[in-house]
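Q: Hey, could you walk me through this one? I'm new to reading structures.

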Amino acid sequence: MSEKKNWPLWEIFVRSKNGLEHRHFGSLHAADAEMAMENARDVYTRRNEGVSIWVVESKNITASNPEHNGEMFEPAQDKIYRHPTFYDLPDEVKHM
Amino acid sequence: MSEKEVKNLEEIFEARIARDEKIEPKDWMPEKYRQTHIRQMSQHAHSEIIGMLPEGNWITRAPSLRRKAALLAKVQDEAGHGLYLYSACETLGISRDELYEQLHSGKAKYSSIFNYPTITWADMGAIGWLVDGAAIINQVPLCNTSFGPYARAMVRVCKEESFHQRQGFEIMLTLCRGTEEQKAMAQDALNRWWWPSLMMLGPTDAESIHTEQSMKWKLKRKSNDELRQQFIDQTVPQADLLGIKVPDPDLKWNEETGHYDFGEIDWDEFWQVVKGHGPCNKERMNARVSAWNNGEWVRDAAMAYAEKNEKRKVAKAS
């Protein structure tokens, strides 16, 4: 296998229509951002799936580590007072 | 990690799958799960890529612009499907180059059906109708498989695949409603593609070495034999509608079971093709390897251009 530099990996985000957020669609290899954009159009929007595309080189994404999911997300679990259902109100109270 | 710790992690892992939770790339997973997924997903990706070759053969000779546009779109979809699957596979820590290397060296397999030749236009019809039909039956259950990236890729693939089958059936229908000669072409294509399509759904359950583990990991939801029966049951009435005959003298509707009984499959032929002795194995690999090698300078030039541009941008900014 060659040691030379291969085309880097890019993550592709597509807005399917105005009013919706960009969503992760998948990834692909491309030499640069321009080529990533062209390839993303051909690979992910062949059937009108999008009106806007973001391409981000994968190495620029910082991801949380699932092994640290405990300290990362568990603190939110016991804070039930952050949810409206925590608060008892009499049935007579309307529109709240 | 101690053996006990691994065993504990494995139990947690199996329980998650049993609860229908999805596994994502950075989650802990048993090494065998990783390897099995790399094997199956890459095999699937390679099949999409090699699958372009038998059909590419007819793009320039399609009988009308409508057919040509449809066939081009189908082949382009297959490139896309290969790409979704390679990307999903790469999330397991194997590089695209390694995956290609495994295909080119013959270490990785692809679907044996693509080692049969496409000698008439009717083969484009038969492939769409039968080969894509069998592929859909295989793929729909995979939309629910346990590995998230694979399941997501399959959802996309399945959405796009149904046009493939319909365009194939339409080709068959047009031929069958045409002249005697055209109908004979359709019949000939069915004769040649029927048995390989049945084989495509994999060895019988008794011979399938991976089935049990794959069922547990939801890489498989139905056994090969169940899928094959489903394919036969849904395809035979379609052949009747076309007015052509499935080339199996033992094929018979069984009122009791509610399924078609069918004849013996020639598994020797299947294994011969898998081992590299099919009619087109060498041709397919040669086409693939030379496309990759001949494209090397283009890939290198694109990379060099990107690097030059990057340097220029940095120089401008400083």
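Q: Okay, which residue forms a salt bridge with Glu57(A)?
A: Lys59(A) does, with the closest N and O atoms 3.7 Å apart. A salt bridge here is a side-chain nitrogen of Lys or Arg within 4 Å of a carboxyl oxygen of Asp or Glu. Keep in mind that this is a predicted model, where local features need pLDDT of at least 70, side-chain atom pairs count only at pLDDT 80 or more, and totals for chains, interfaces and linings use all residues. Residues are numbered from 1 along each chain as its sequence is written, chains are lettered from A and ligands numbered from 1 in the order in which they are written, and side-chain values use heavy atoms, with hydrogens and water left out.

Q: Is Glu57(A) buried or exposed?
A: Glu57(A) counts as buried, because its relative accessibility is 17%. Lys59(A) is exposed, at 67%. The cut-offs are under 20% relative accessible area for buried, over 50% for exposed, and partly exposed in between (1.4 Å probe, protein chains only).

Q: Which residues do salt bridges with shared partners join into one network?
A: Arg46(A), Arg47(A), Asp77(B) and Glu160(B). Within that group, Glu160(B) pairs with Arg46(A), and their closest N and O atoms are 3.0 Å apart.

Q: Why can side chains like that pair?
A: Side chains of opposite charge can pair when their charged atoms come close.

Q: How many salt bridges are there between chain A and chain B?
A: There are 5 between chain A and chain B, and a search over all chains finds 27. One more to look at is Glu307(B) with Lys5(A), where the closest N and O atoms are 3.2 Å apart. That pair joins two chains, because Glu307(B) lies in helix 12 (residues 296-317) of chain B and Lys5(A) in the segment before strand 1 (9-15) of chain A. Helices (H or I, at least four residues) and strands (E, at least two) are DSSP runs numbered from the N terminus. Glu307(B) is partly exposed at 30%, while Lys5(A) is exposed at 55%.

Q: What about the rest of the contact, how many residues does each chain give?
A: Chain A gives 23 residues and chain B gives 24, with contact meaning heavy atoms within 4.5 Å. Together the chains bury about 2,000 Å², 52% of it on carbon and sulfur atoms. Buried area is the accessible area (1.4 Å probe) that two parts lose on being put together, summed over both.

Q: Switching topic, where does Thr45(A) lie?
A: In the loop between helix 1 and strand 3 (52-57) of chain A. Thr45(A) counts as buried because its relative accessibility is 16%. Leaving out residues up to four places away in sequence, Thr45(A) touches Val14(A), Ala40(A), Gly50(A) and Ile53(A). A polar atom of the Thr45(A) side chain also lies 2.7 Å from the backbone oxygen of Arg41(A).

Q: And which residue does Arg41(A) form a salt bridge with?
A: Asp42(A), with the closest N and O atoms 3.0 Å apart. Arg41(A) is exposed at 53%, and Asp42(A) is partly exposed at 31%.

Q: Let's jump to chain B. Where is Met41(B)?
A: Met41(B) sits in helix 2 (residues 31-56) of chain B, and counts as buried because its relative accessibility is 0%. Met41(B) and Leu85(B) are 44 residues apart in sequence and 6.3 Å apart in space, C-alpha to C-alpha.

Q: What's the phi of Asp20(B)?
A: About 70 degrees, a positive value, although Asp20(B) is not a glycine. Most residues other than glycine have a negative phi. Asp20(B) lies in the loop between helix 1 (3-18) and helix 2 of chain B, and is partly exposed at 47%.

Q: And where do I find Lys218(B)?
A: Lys218(B) is in the loop between helix 8 (211-216) and helix 9 (224-242) of chain B. Lys218(B) is buried, with a relative accessible area of 15%.

Conventions. Polar contact = N/O pair within 3.5 Å; in protein donor to acceptor, adjacent residues only side chain to side chain.
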